[in-house]
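Here is a short briefing on one protein chain. Keep the sequence and the model open while reading.

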Amino acid sequence: MNKTLLILRHEFLHTIKRRGFIIMTLIVPLIALLAIGVLQLVSGIAKPTVEITTIGYVDEAGGFQQYANQGDITLVRFDTLDDATEALVKNDIKEYFVIPPDYISTGVINRYTLEKQLRVLPATMTAIKNFLSSNLLAGKVPTTTVARIEAPLNLVTIRLTETGAVAPEQGGYGNFIIPGVFSLLLFLAILFSSTSLLQGLGEEKENRLIEILLSSVSTRQLLTGKVLGIGAAGLAQVVVWVISAPLLLSLASSSIGGFISTIQLPANFLVLAVVYFILGYSLFAVLSAGIGAISSNSREGQQLIGILTLPALIPLWFMSLLMMFPDNPIWVVLTIFPITAPVEVMVRLGVNDIPTWQLVASVAVLVLSIIGGLLLTTKVFRTYLLMYGKRPGIGEIIRNLRSG
């Protein structure tokens with residue numbers, strides 16, 4: 001055990017002293033802090049400017065003279081079509097529309113513009129619609145009723161708990177941002193940590209240092225020390241991110257406010273982030289160790305681990321589908337499947353609640369996968385670590401594992 005601790009300590013200190021590790025650990029909170037400062041500076045200096053758009057209209061139906069101011073759009077009346085066309089050509093107005101005499105029966109409005117457009121801008125469409133409806137209802141219904149007809153719905157969704165109380169987490173895009181971003185960071189942390197383990201094994205194998213190490217320690221001690229040492233360094237990295245997240249969020253909310261103030265952290269986010277890093281790293285670490293043992297050099301090993309870790313990004317590829325169809329059974333499969341579980345759980349935390357049984361099943365499958373992978377990797381480690389030259393095929397590895 002003392003030798004295992006020595007290897008653990010050496011790998012941990014060697015990893016955290018690496019320039020790339022330090023930069024990766026600090027750059028995430030530093031970039032977030034810099035972004036908060038820039039946003040606060042810009043919001044304090046910049047003064048909002050409102051650009052008024054002028055749109056002309058020709059009232060051939062009669063009775064459309066009021067409510068010419070529609071927010072940032074001003075409507076200007078012209079007596080004839082020629083006058084409106086001349087103003088448009090001179091760029092006095094951006095566009096104009098004609099209300100024909102039979103508008104009440106047909107609802108047809110002819111719009112004229114110099115620009116080639118695929119669709120009418122929503123702001124323009126809303127301004128024209130409100131102008132028409134306000135004039136049609138003027139004097140017939142109260143003004144407050146006209147305003148409510150123009151904007152009939154301001155829907156506010158309030159989420160309740162099973163006891164009927166207002167839930168502390170109300171959902172929405174603000175609740176998705178932190179878990180969504182952290183899912184990518186978690187994957188990068190797991191990938192970098194396992195790749196660091198693989199690279200270290202490959203270098204020690206290439207320069208024959210591994211032979212000297214195995215003359216002093218057992219295969220199990222070497223593997224355990226390396227996995228735990230590099231994993232502890234990666235965990236320290238994740239802990240820095242997890243601790244900085246609520247602090248940065250609180251700072252951004254108090255100094256900037258707005259949409260940022262709606263961003264929430266799921267209640268179990270901090271705990272699950274650490275748990276799934278530990279389990280995710282452990283799984284990829286044992287796989288990386290096995291690949292490092294059978295690879296002839298570190299470059300070949302990195303190519304193999306890259307192919308192996310590619311499926312872990314599947315939850316990020318289909319993030320938009322998860323947001324549109326959060327109850328699809330495929331997300332349950334990705335939550336329990338060990339390769340995709342760490343990233344999938346982080347993404348789902350921002351979209352909806354994950355049932356307890358799914359989290360328990362996910363953790364259990366990950367633990368069993370780690371144990372099974374560790375047993376197989378130990379055998380592969382003993383068999384192929386001191387072999388050099390050509391990488392063994394899958395059939396040869398299976399035969400040796402059976403005979404071992």
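Helices here are DSSP runs of H or I with at least four residues, numbered from the N terminus. By that rule, I314 lies in helix α12, which covers residues 314–317. The model is a predicted one.

**Whole chain**
- The protein chain holds 17 helices and 5 strands.
- It has 404 residues, and 39% of them count as buried.
- Take the contacts in the protein chain between residues at least 6 apart in sequence: 70% of these join residues at least 24 apart.

**Helix α5**
- Helix α5 runs over residues 122–137.
- Its 16 residues should span 22 Å at 1.5 Å a residue, and the end C-alpha atoms are 22 Å apart, so the two values agree.
- The buried residues of α5 are T124, A127, I128, N130, F131, L132, S133, S134 and N135.

**Packing of α5 and α6**
- Helix α6 comprises residues 143–150, and its axis comes within 10 Å of the α5 axis.
- The two axes cross at roughly 150°.
- Angles over 145 degrees count as roughly antiparallel, so α5 and α6 are roughly antiparallel to each other.
- Their crossing is right-handed.
- On the α5 side, the contact is made by K129, N130, S133, S134 and L137.
- On the α6 side, V146, I149 and E150 take part.
- By type, the residues of this contact between α5 and α6 divide into 3 nonpolar, 3 polar and 2 charged.
- N130, S133 and S134 are among the buried residues of α5, and these three also belong to the contact with α6.

- Is helix α15, residues 341–349, mostly covered or mostly uncovered? It is mostly covered, with 9 of its 9 residues buried.
- Those buried residues are A341, P342, V343, E344, V345, M346, V347, R348 and L349.
- The axes of α14 and α15 come within 7 Å and cross at roughly 130°.
- That angle makes α14 oblique to α15.
- From α14, the contact uses W331, V332, L334 and T335.
- From α15, it uses A341, E344, V345 and R348.
- The residues of the α14 contact with α15 divide into 5 nonpolar, 1 polar and 2 charged.
- E344 and R348 are in the contact with α14, and both are buried.

**P326, in a loop**
- P326 sits in the loop between α13 (319–324) and α14 (329–336).
- Is P326 buried or partly exposed? Its relative accessible area is 23%. Buried means under 20%, so P326 counts as partly exposed.
- Setting aside residues up to four places away in sequence, P326 touches W331, V351 and N352.
- P326 and V351 are 25 residues apart in sequence, yet their C-alpha atoms are 7.0 Å apart in space.
- W331, touched by P326, is also one of the α14 residues in the contact with α15.

- I314 is partly exposed, with a relative accessible area of 22%.
- Which residues does I314 contact, leaving aside neighbours within four places in sequence? They are L334 and T340.
- L334 also takes part in the contact of α14 with α15.
- I314 and E344 are 30 residues apart along the chain, and their C-alpha atoms are separated by 8.3 Å.
- E344 is itself one of the buried residues of α15.

Terms used. Residues numbered from 1 in each chain as written. Predicted model: local features only at pLDDT ≥ 70, side-chain atom pairs only at ≥ 80, totals over all residues. Heavy atoms only, no water. Helix = DSSP H or I, 4+ residues; strand = E, 2+ residues; numbered from the N terminus. Expected span 1.5 Å × (residues − 1). Buried < 20%, exposed > 50% of the residue type's maximum accessible area, 1.4 Å probe, protein only. Axes fitted to C-alpha atoms, helices over the stretch in contact; angles between N-to-C directions. Parallel < 35°, antiparallel > 145°, perpendicular 65-115°, else oblique. Left-handed = near helix turned anticlockwise from the far one by under 90°. Contact = heavy atoms within 4.5 Å. Nonpolar A, V, L, I, M, F, W, Y, C, P; charged D, E, K, R; others polar.
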